Amino acid sequence: MHQTFDAALGINLLHANQRGADHNRAHFDQWGITCFNLMSSPGAGKTALLEKTLAALSQDLKIAVIEGDMTTELDAERLRQYGVPVMAINTGRACHLDAKMVAGGLHQLAQEYVPAEFDLVLVENVGNLVCPAEFEVGEHAKVALLSLTEGEDKPLKYPIMFQEADCLLITKLDLAPYLDIDLARIEANVRQINPDVTLIPVSTKTGEGLDCWFSWVRSQVASQTTLRLEARPLEAKPDALIASPH
């Protein structure tokens, strides 16, 4: 009986969270914003990747960050140095961000800025290889990070995050000469779990692979913009306004 109750409670929590995530996504789409949810274990390099991303893309794209951390704003302070809005969310004992928490970040963004002026919101989730993948926050794409130091078997031992990822960054390539690890085996293990995931090895220290990551970000923002334009009612499309019955 206890297991049945726990299962039902879990399903209800996920359903309630999904409604919140759908609501967040509707706001993102209304404002013309693309949102990525960055997930990994602690120390895989999410904040370092965000630093490089903001430095490279914030001149071309208007970017805001929702920064999840259990107790501090240390990472948020690092990212604020790049001159972008950073909404810090402390989760307390929770090991992941959920839709309601991210809604709080969006509310703060809407109070302090004009949301429709932004192109991209990057959500840095709390470090955890399981829960962030189960709780959607309204993102258009999930981005997972796996560092070389975590070993080759993590995709097989923690499959949920790798199944859900649209893009996987294998980080800390610069450490490869010092580790007894096979990059090809990591990639093969990832492909077992998710054959279609976009896989990009990177090093934020040397810059290797970052251009591919930046290209992926730009292409996803452009793709989401196109989808939103196509989803508009016919009368709202510029072509429909121009079209003449004669």
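This is a predicted model: local features need pLDDT of at least 70, side-chain atom pairs count only at pLDDT 80 or more; totals for chains, interfaces and linings use all residues.

Modeller: Let's start with the largest pocket: 15 residues line it, and Pro42, Lys46, Asp75, Glu124 and Gly127 lie nearest its centre. H2 and S2 are the elements that give two or more residues to that lining, with S2 supplying the largest share, 3 residues. The volume is about 190 Å³.

Colleague: What makes up the lining of the largest pocket, by residue type?

Modeller: It divides into 4 nonpolar, 6 polar and 5 charged residues.

Colleague: Asp75 is among those nearest the centre. How do you know that aspartate 75 and arginine 78 form a salt bridge?

Modeller: Their N to O distance is 3.9 Å, and the cut-off is within 4 Å, so the pair counts. Both lie in helix H3, 3 residues apart, about one turn of the helix.

Colleague: Why is arginine 78 called partly exposed?

Modeller: Its relative accessible area is 31%. Buried means under 20% and exposed over 50%, so a value in between is partly exposed.

Colleague: And why is glutamate 152 called buried?

Modeller: Glutamate 152 has a relative accessible area of 19%, and the limit is under 20%, so the label is buried. Its side chain meets that of arginine 185 in a salt bridge, 3.7 Å from N to O. Arginine 185, at 48% relative accessibility, counts as partly exposed.

Colleague: What does the bridge between glutamate 152 and arginine 185 tie together?

Modeller: Glutamate 152 is in the loop between S5 and helix H6, and arginine 185 is in helix H8, so the bridge ties together parts 33 residues apart in sequence.

Conventions. Residues are numbered from 1 along each chain as its sequence is written. Side-chain values use heavy atoms; hydrogens and water are left out. On a 1 Å grid over the protein atoms alone, a cavity is a set of points where a 1.4 Å probe fits but cannot get out, and a pocket is an open set with protein on both sides within 12 Å along at least five of seven lines; lining residues have an atom within 4 Å of a point. Grid points are joined across faces, edges and corners, and a volume is the space filled by probe spheres set on the points. Helices (H or I, at least four residues) and strands (E, at least two) are DSSP runs, numbered from the N terminus. Ala, Val, Leu, Ile, Met, Phe, Trp, Tyr, Cys and Pro count as nonpolar, Asp, Glu, Lys and Arg as charged, and the others, Gly among them, as polar. Buried means under 20% relative accessible area, exposed over 50%, partly exposed in between (1.4 Å probe, protein chains only).
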